[in-house]
Amino acid sequence: MHASRLSIAYRKTSILFVMSDTVTNVKPGRYSGRMQRSSFWVRIIPLNILFNICDRWATAYYTERIEAADKLYLVEQGGEMVLPEECLGDAVSAIYGEILPYAGLSALILLVYVIIASPLYVRRLHDIGMSGKWYLVWLVPSVLQVALLLVEPFLPVVVIYGVIGLIVVAGVFLFICTLIDSRREANRYGESPKYGRYKRPAVVVPPVQTEKHAG
């Protein structure tokens with residue numbers, strides 16, 4: 001009995017089971033209902049680790065290639081590296097030859113992540129009585145960041161860091177929301193997956209005692 005419980009526990013916490021079980025959340029209708037904290041975190045942690053590994057790899061790989069393309073047409077003049085005007089068009093083409101696949105790969109990674117993770121976040125928000133639309137607080141600036149990759153070389157640094165700041169703030173907000181315990185009561189999204197059919201304790205009103213007057 002003890003061994004079978006260990007095997008079941010291992011299966012439920014193994015990354016292959018978690019990922020395969022998480023993928024089922026992309027089905028229509030999986031956005032409805034509620035999800036408690038433990039079920040959410042056992043799925044979102046390996047998913048976030050995998051997403052960050054893919055995103056970091058893509059960023060490191062293409063950053064190196066973009067920097068190499070940026071230096072390709074530089075020439076030394078007066079002890080400084082400058083870009084001749086006649087090479088400007090070729091330099092921009094070389095840089096965008098690396099930026100476009102980087103933006104495409106980043107968009108693909110984000111799309112796959114959102115397809116799998118959004119039902120988890122939506123149902124976790126439902127569990128604490130919040131609308132799943134609050135997930136857009138993080139999603140919108142994240143999509144904007146990927147879109148800005150196409151024009152990043154021409155943007156002021158303050159714009160780029162502003163979008164990154166929005167993503168961080170929104171991520172902290174969602175993180176705090178996912179830490180909140182399940183609402184005990186049923187809400188418009190269904191019964192509590194943690195507490196089941198929760199009944200509020202009945203309020204016992206003591207009977208009113210009337211004084212008897214001697215006749």
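Reply: Helices and strands are DSSP runs, numbered from the N terminus. In this predicted model, Arg-34 is found in the loop between helix 2 and helix 3.

Me: How many helices and strands does the protein chain have, and in what order do the elements run?

Reply: There are six helices and two strands in the protein chain. Read from the N terminus, the order is α-α-α-β-β-α-α-α.

Me: Is Arg-34 buried or exposed?

Reply: A residue counts as buried under 20% relative accessible area. Arg-34 has a relative accessible area of 8%, so Arg-34 is buried. For the protein chain as a whole, 30% of the 215 residues count as buried.

Me: With which residue does Arg-34 form a salt bridge?

Reply: Side chains of opposite charge can pair when their charged atoms come close. The partner of Arg-34 is Asp-127, and the closest N and O atoms of the two are 2.9 Å apart.

Me: Which backbone oxygens does the side chain of Arg-34 reach?

Reply: One is the backbone oxygen of Arg-183, at 2.8 Å. Another is the backbone oxygen of Glu-185, which lies 3.1 Å from a polar atom of the Arg-34 side chain. Leaving aside residues up to four places away in sequence, Arg-34 touches a series of residues, including Arg-123, His-126, Tyr-189 and Pro-193.

Me: What does Arg-37 pair with, and where does the partner lie?

Reply: Arg-37 forms a salt bridge with Asp-181, with the closest N and O atoms 3.4 Å apart. This pair links distant parts of the chain, as Arg-37 is in helix 3 and Asp-181 is in the segment after helix 6 (157-179), 144 residues apart. Arg-37 is partly exposed at 29% relative accessibility, and Asp-181 is also partly exposed, at 27%. The count of salt bridges comes to five.

Me: How should I read the largest nonpolar core, and which residues have the most contacts inside it?

Reply: The idea is to follow buried nonpolar residues that are joined through side-chain atoms. The largest such core has 36 residues, and those with the most contacts inside it are Ile-44, Tyr-113, Tyr-121, Tyr-135 and Trp-138. The elements that give two or more residues to this core are helix 3, helix 4, helix 5 (136-148) and helix 6. Helix 4 gives the most, with 14 residues.

Me: Which residues does Trp-138 touch?

Reply: Not counting residues up to four places away in sequence, Trp-138 touches Leu-110, Tyr-113, Val-114, Ile-167, Ala-170, Gly-171 and Leu-174. For the protein chain in general, among contacts between residues at least 6 apart in sequence, 74% join residues at least 24 apart.

Conventions:
Residues numbered from 1 in each chain as written. Predicted model: local features only at pLDDT ≥ 70, side-chain atom pairs only at ≥ 80, totals over all residues. Heavy atoms only, no water. Salt bridge = Lys/Arg side-chain N within 4 Å of Asp/Glu carboxyl O. Helix = DSSP H or I, 4+ residues; strand = E, 2+ residues; numbered from the N terminus. Buried < 20%, exposed > 50% of the residue type's maximum accessible area, 1.4 Å probe, protein only. Core = buried A, V, L, I, M, F, W, Y, C linked by side-chain atoms within 4.5 Å. Contact = heavy atoms within 4.5 Å. Polar contact = N/O pair within 3.5 Å; in protein donor to acceptor, adjacent residues only side chain to side chain.
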